[in-house]
Each structure stands twice: as structure tokens, then as C-alpha cells.
Amino acid sequence: CHAAGVAGAPKLGDKAAWAPRLAAGVDGLTASVVKGKGAMPPKGGAMSASDADIKAVVAYMVSTVK
């Protein structure tokens, strides 16, 4: 979803799209992924992913826009 911007997902590396989301920080963004938000299902649909794995992915995604 984040590669193509499906359902309004901010594209990986798109600084402008991620800018308003960065205020939530890695922990806030991780919580959104774990719980789900908008069109994104809980854990992004990857139900077997641990919260720690999700946090690592979120941190990576954030690192691409800093």
C-alpha cells in the first residue's frame, strides 16, 4: 500500500505526505499500525507480525523521510 499510495497511504520516502504524520512519533505511528487506521487493517494485515517487528518497520519508513 505504501509503495503505490493505495487508499491514501503515504508513499515510502514521500517527505510531504509523511510530514503531518511524523508529529505522532514512531510510538504513535506504531500504535496506529497495531490498532489499524482508516483503510489500513490492524497490523497492516500482517497478523503474525509482532509489535516489535511492526515498530522496526515503522522506524525504517520514518527514516526514509528524514
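**Close-up 1. Helix α3 gives the largest share of the lining of the largest pocket, 5 residues.** This is a predicted model, so keep that in mind as you look around. The largest pocket has a volume of about 710 Å³. Its lining is made up of 27 residues, and the ones closest to the pocket's centre are His2, Ala9, Pro10, Val33 and Met40. Two elements, α2 and α3 (51-63), each hand two or more residues to that lining. Sort the lining by type and you get 18 nonpolar, 5 polar and 4 charged residues.

**Close-up 2. Nine residues make up the largest nonpolar core.** Here you'll find Trp18, Leu29, Val33, Ala49, Ile54, Val58, Met61, Val62 and Val65. Both α2 and α3 supply at least two residues of this core, and α3 gives the most, with 4. Nonpolar side chains tend to be buried together in soluble globular proteins.

**Close-up 3. Here's Trp18 and the residues it touches.**

**Close-up 4. Leu22 sits in the loop between α1 (15-18) and α2 (25-35).** Is Leu22 buried or partly exposed? Leu22 counts as partly exposed because its relative accessibility is 26%, and buried would mean under 20%. Leaving out neighbours within four places in sequence, Leu22 is in contact with Val62 and Val65. Leu12 is 10 residues from Leu22 in sequence, and their C-alpha atoms are 13 Å apart in space.

Conventions
Residues numbered from 1 in each chain as written. Predicted model: local features only at pLDDT ≥ 70, side-chain atom pairs only at ≥ 80, totals over all residues. Heavy atoms only, no water. Buried < 20%, exposed > 50% of the residue type's maximum accessible area, 1.4 Å probe, protein only. Contact = heavy atoms within 4.5 Å. 1 Å grid on protein atoms, 1.4 Å probe; cavity = no way out; pocket = protein on both sides within 12 Å on 5 of 7 lines; lining within 4 Å. Points joined across faces, edges and corners; volume = space filled by probe spheres on them. Nonpolar A, V, L, I, M, F, W, Y, C, P; charged D, E, K, R; others polar. Core = buried A, V, L, I, M, F, W, Y, C linked by side-chain atoms within 4.5 Å.
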